[in-house]
Amino acid sequence: MIVETSGADWRSDLNLVLNASREAGQEALRHFRKDPEVWWKDGGRSPVSAADYAANDILERLLRSARPDYGWLSEETTDDDKRLSRDTLFVVDPIDGTRAFINGKDTWCVSVAVVHKGRPVVAALVAPALGEEFTAFHDASAEKNGGVLRISQAASGPIQLAAPEEVIARLPSDFKPSVRRIPHVPSLAYRLAMVADGRIDGTLVLPNSHDWDLAAADLILQQAGGQLVDLEGKPLIYNRAQVKHGALCAAANHILPTLLMQLGRSARG
């Protein structure tokens, strides 16, 4: 998908987004493993902590004041339809992996993207408890801690796939031996970053992920040599009225067609 970006200074936006994400990450660290207050939303299905709100406040203050013409979509800010009239907006998850965070596990990150005309053009994932930062912007290489990320396009060994056990069980019997299941990674954004840096080959995403879970990691994966798509192989469109997505697949470019084909076979029984 081609994104029209003429005249845009995405590198400047990346510097803004990365610095804000670092500051939000440091604020979250001040709450980490210190029993922050936790509330439950979405009918008791999803936790949110005092750290999520504190990180969100920092991101909203720094980003919206710097780019007042951009729209805003955050997991921890009440959504409204004003963003739909903006070509460009921030898409934010102050802490992706809140369950891991409140359980004292390191695998959580601050996820911030700039989305322009439906696609991410700037991305930062900051995982302060792990000392890792992933970044990308339109037409530039993805990076991890300042080093270029490039997924190997050569097949080697079994496909290392992060997916629920029930999904693996339904894969065609002639394909299943070529897959090695990776245990659950609680942060979806971080799991996608693991594909981008080659630690795993792919992941399946169950229905009902949101724009804020995906947008930053989507761009990082794309610029590293992979893709995040729906099960028909189509890239995602962000900043729609409905911010939830259906089942998705992310993988290195050389593996993705095979995974989509086998998932299609699985769905057909």
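This is a predicted model: local features need pLDDT of at least 70, side-chain atom pairs count only at pLDDT 80 or more; totals for chains, interfaces and linings use all residues.
Now for the wider setting. These two strands belong to an open sheet of five strands with mixed pairing, in the order β11-β10-β12-β16-β14. The edges are formed by β11 (179-182) and β14 (226-230), each of which pairs on one side only. On average, neighbouring strands of the sheet are turned by 20° against each other, direction ignored.

Two helices pack on this sheet, α5 and α7. Here they are side by side:

| Helix | Residues | Strands touched | Angle between directions |
|---|---|---|---|
| α5 | 188-196 | β10 (159-162), β12 (202-205), β14 and β16 | about 150° with β12 |
| α7 | 256-267 | β10, β12, β14 and β16 | about 150° with β16 |

Let's take a closer look at α5. How many of its nine residues are buried? The count is nine of nine, so the helix is mostly covered, with "buried" standing for under 20% relative accessible area. Among these buried residues are Leu188, Leu192, Met194 and Val195, and the list also includes Tyr190 and Arg191. Ala189, Ala193 and Ala196 are buried as well.

Just past the end of α5 comes Gly198, which takes a positive phi of about 80°.

Notes:
Residues are numbered from 1 along each chain as its sequence is written. Side-chain values use heavy atoms; hydrogens and water are left out. Two strands pair if DSSP finds at least two bridges between them. Helices (H or I, at least four residues) and strands (E, at least two) are DSSP runs, numbered from the N terminus. Axes are lines fitted to C-alpha atoms, for helices over the stretch in contact, and angles run from 0 to 180 degrees between N-to-C directions. Contact means heavy atoms within 4.5 Å. Buried means under 20% relative accessible area, exposed over 50%, partly exposed in between (1.4 Å probe, protein chains only).
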